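The following note sets out, in numbered points, comments on the salt bridges of this model and on their setting. Please read it alongside the coordinates.

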Amino acid sequence: MESLAAHPRPSASADDGRTRDRVSALLLEHGPQTATELAGRLGISPAAVRRHLDALVATGRVEERQSREAHRGRGRPARRFHLTDAGRSAFPHAYDDLALTALRFVAEAGGPDAVRAVAEKQLAGLERRASTAVEKAVRARPGQPVDRAQALAAALTAEGYAATASALSGGGQLCQHHCPVAHVAAEFPQLCEAETAVIGRLVGTHVQRLATIAHGDGICTTHIPGPLVPGTRPGSGREHIRAGNRSVPARPVLGEQGASRPARERTAAPSSTTTPTNDRERTPA
């Protein structure tokens, strides 16, 4: 006799999950329905359907509304169940494809600068909300030092970035463990560049992007330099010297003309603006 253990039955929770997915699919396909209507389509009892609907309501995927149709007969009006936005989000979407198509059209019509303008416009709302959260954290501790990177990490987490901030001897790092636009940013780096500029403005200093999810790294990592070494002053030409951290020029590309010249022969033209810049450097593999 063949052992029943050789063919284990699916768990009750797995069966419940599949049934609730079917309920959600029916609400998506046919619109709002009563428990009795759903029971007829599923071939199970209305009581069983109500149990699954209660679970879906509890998780926010479904909501119950009173029917607006004219009520006839005795009893309470029938109540219909609607799929919520959270319930719809569980189904496949093509938002990334739509965004890529739109940005490709923008790039073709207006070039890279037009894409950058779209990215900055898209991040304007995020910057406004995060700035409000950071300033609120500063006001909550009057006269006390506030780690703006930590406050920013909390604000970004609320926006879905799962961000953390850590202190280092030469400054700190802001890490974003999730990127909502990673697939789009992989083709259009202007999104990462605009986001880096926003981070720099919110923490009040120039920052350096070390890694991004869009380019295959596990997390987006942004280096935030530490405070200036005592004795340095803006305009002295030594603003890049910081406690525990010394900024250095990016390494020259191999084969680049003039890359082998002595350092004393390579001088950088003075900047015409005091606006902090945001450099992006990939971490070596």
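1. Arg-116 and Glu-193 form a salt bridge, with 3.5 Å between the closest N and O atoms; the term denotes a side-chain nitrogen of Lys or Arg within 4 Å of a carboxyl oxygen of Asp or Glu. Because Arg-116 lies in helix H6 (residues 112-139) and Glu-193 in helix H9, the pair ties together parts that are 77 residues apart in sequence. Helices here are DSSP runs of H or I with at least four residues, strands are runs of E with at least two, and both are numbered from the N terminus. Arg-116 is partly exposed, with a relative accessible area of 29%, and Glu-193 is partly exposed as well, at 38%. Buried means under 20% relative accessible area, exposed over 50%, and partly exposed in between (1.4 Å probe, protein chains only).

2. The model is predicted: local features need pLDDT of at least 70, side-chain atom pairs count only at pLDDT 80 or more, and totals for chains, interfaces and linings use all residues. Residues are numbered from 1 along each chain as its sequence is written, and side-chain values use heavy atoms, with hydrogens and water left out.

3. Arg-201 belongs to helix H9 and Glu-127 to helix H6, 74 residues apart.

4. Which residue forms a salt bridge with Arg-104? The partner is Glu-187, the closest N and O atoms being 2.8 Å apart. This pair links distant parts of the chain, 83 residues apart: Arg-104 sits in helix H5 (residues 95-110), and Glu-187 in the loop between helix H8 (182-185) and helix H9 (190-203). Arg-104 is partly exposed, with a relative accessible area of 41%; Glu-187 is likewise partly exposed, at 37%.

5. Helix H5 has 16 residues and spans 22 Å from its first C-alpha to its last, close to the expected 22 Å (1.5 Å times one less than the number of residues). Gly-111 follows H5 and has a positive phi, near 80°.

6. The count of salt bridges comes to 14. Asp-16, Arg-20 and Arg-51 are linked in a network of such bridges.

7. For the protein as a whole, the secondary structure comes to nine helices and nine strands. Buried residues make up 30% of the 285 residues. Of the contacts (heavy atoms within 4.5 Å) with a separation of 6 or more, 50% involve residues 24 or more positions apart.
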